[in-house]
Amino acid sequence: MGTLKTKRIYEPAEEEDGKRILVDRLWPRGMKKDRANLAVWAKEVTPSAELRKLYHTGGLPFEGFAAAYLEELEANDDAKAFVQKLHEELKENDVTLVYATKNIEQNHVQVLVRWLKHHLKEIS
């Protein structure tokens with residue numbers, strides 16, 4: 001079974017990354033597609049534009065953002081399909097979710113990984 005990892009897209013792509021999946025709604029500034037070395041751009045598992053803007057403008061604390069994002073994921077059939085695809089990929093390879101945000105402590109990827117791991121346990 002592979003490992004689910006995360007890293008900023010601006011860090012160099014490495015063989016240990018396995019399959020690299022971009023989990024940002026917007027393309028990262030200054031990143032060329034060949035340098036990104038992506039297998040997939042999974043916009044379907046990212047926060048809605050409205051939620052993202054509300055959080056980034058300071059209109060919502062991280063805890064509120066995380067709760068609202070989890071609700072969006074639970075209501076999103078495409079996100080549930082992504083879990084299935086991820087489960088299949090992890091059978092053979094490591095997967096690295098890449099993102100652009102500078103804040104590595106409080107960001108949507110932390111919430112997404114927690115949600116994914118919960119759902120991956122359910123189908124294992």
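Helices, of at least four residues, and strands, of at least two, are DSSP runs numbered from the N terminus. The model described here is predicted.

The side chain of N76 takes part in two polar contacts with backbone atoms, listed below.

| Side chain | Backbone atom | Distance |
|---|---|---|
| N76 | oxygen of E44 | 2.8 Å |
| N76 | nitrogen of A79 | 3.0 Å |

**Helix α5**

Helix α5 covers residues 108–123, which makes 16 residues. From the first C-alpha to the last, α5 reaches 23 Å, close to the 22 Å expected at 1.5 Å a residue. What caps the N-terminal end of α5? N107 does, with a side-chain oxygen 2.8 Å from the backbone nitrogen of V109.

Several residues of α5 are buried: H108, V109, V111, L112, V113, W115, L116, H119 and L120. Their cover includes the strands β1 (4–8) and β4 (95–99), together with the helices α3 (62–74) and α4 (77–90).

Leaving aside residues up to four places away in sequence, L120 touches V83, L86, H87 and L90. The C-alpha atoms of L120 and Q84 are separated by 8.0 Å, although the two residues are 36 apart along the chain.

**A36 in helix α1**

Helix α1 spans residues 33–36, and A36 is found in it. Is A36 buried or exposed? A36 counts as buried because its relative accessibility is 0%. When residues up to four places away in sequence are not counted, A36 touches I9, R20, W27 and M31. P12 is 24 residues from A36 along the chain, and the C-alpha atoms of the two are separated by 8.2 Å.

**The largest pocket**

Rolling a probe the size of a water molecule over the atoms shows where empty space is left. The largest pocket has a volume of about 490 Å³. Its lining is made up of 22 residues, and those nearest the centre are D24, L26, H56, A100 and T101. Which helix gives the most to this lining? Helix α2 (residues 49–56) does, with three residues. Sorted by class, the lining has nine nonpolar residues, seven polar residues and six charged residues.

Technical notes
Residues numbered from 1 in each chain as written. Predicted model: local features only at pLDDT ≥ 70, side-chain atom pairs only at ≥ 80, totals over all residues. Heavy atoms only, no water. Expected span 1.5 Å × (residues − 1). Buried < 20%, exposed > 50% of the residue type's maximum accessible area, 1.4 Å probe, protein only. Contact = heavy atoms within 4.5 Å. Polar contact = N/O pair within 3.5 Å; in protein donor to acceptor, adjacent residues only side chain to side chain. 1 Å grid on protein atoms, 1.4 Å probe; cavity = no way out; pocket = protein on both sides within 12 Å on 5 of 7 lines; lining within 4 Å. Points joined across faces, edges and corners; volume = space filled by probe spheres on them. Nonpolar A, V, L, I, M, F, W, Y, C, P; charged D, E, K, R; others polar.
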